[in-house]
Amino acid sequence: MSCNGCRVLRKGCSDGCTIRPCLQWIKSPEAQANATLFLAKFYGRAGLLNLMDAGPQHLLPAIFRSLLYEACGRIINPIYGAAGLLCSGTW
């Protein structure tokens, strides 16, 4: 059965799926799908999967979460992103 991230990306899900362990901290299936879709629109589907595959396997959930924070930060503050929001105290 496909995980919610692969289902939204219309990608085949396997036992070694890189997205499935990243979505376990998000409670609802709709929120999992929305987070994956948001990142895929921001970084591109292939870009997201390449960024996820570049890191070590045990850090995939942290990579997904930091990409999500950075994408949200870039929407609010396009120049500095999440780091700018944390430094300015407006996060």
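**Exercise 1. Is Cys6 buried or exposed, and what is Cys6 in contact with?**

Step 1. Take the relative accessibility of Cys6, which is 1%. Step 2. Apply the cut-offs: buried means under 20% relative accessible area, exposed over 50%, and partly exposed in between, with a 1.4 Å probe and protein chains only. Cys6 therefore counts as buried. Step 3. Cys6 lies in helix 1, residues 4-9. Helices (H or I, at least four residues) and strands (E, at least two) are DSSP runs, numbered from the N terminus. Step 4. List the contacts, meaning heavy atoms within 4.5 Å. Neighbours within four places in sequence are left aside; Cys6 then touches Lys11, Gly12, Cys13 and Cys17. Step 5. Gly16 is ten residues from Cys6 along the chain, and their C-alpha atoms are separated by 12 Å.

Keep the source in mind. This is a predicted model: local features need pLDDT of at least 70, side-chain atom pairs count only at pLDDT 80 or more, and totals for chains, interfaces and linings use all residues. Residues are numbered from 1 along each chain as its sequence is written, and side-chain values use heavy atoms, with hydrogens and water left out.

**Exercise 2. Which residues of helix 3 are buried, and what do they pack against?**

Step 1. Find helix 3 at residues 45-54. Step 2. Pick out its buried residues: Leu48, Leu49 and Met52. Step 3. Look down the helix axis. Step 4. Turn to the face away from the buried side. Exposed Ala46, Asn50 and Ala54 sit there. Step 5. Name the partners. The buried residues of helix 3 pack against helix 2 (29-43) and helix 4 (60-76).

**Exercise 3. How many helices and strands does the chain have, and why is it as compact as a globular protein of that length?**

Step 1. Count the elements: five helices and zero strands. Step 2. Compare sizes. The radius of gyration of the chain is 13 Å, close to the 12 Å of the globule rule for 91 residues, so the chain is as compact as a globular protein of that length. The radius is taken over C-alpha atoms; the rule is 2.2 Å times the number of residues to the power 0.38. Step 3. The C-alpha atoms fill roughly 45 × 25 × 20 Å along the principal axes. Step 4. Check burial. Of the 91 residues, 36% count as buried.
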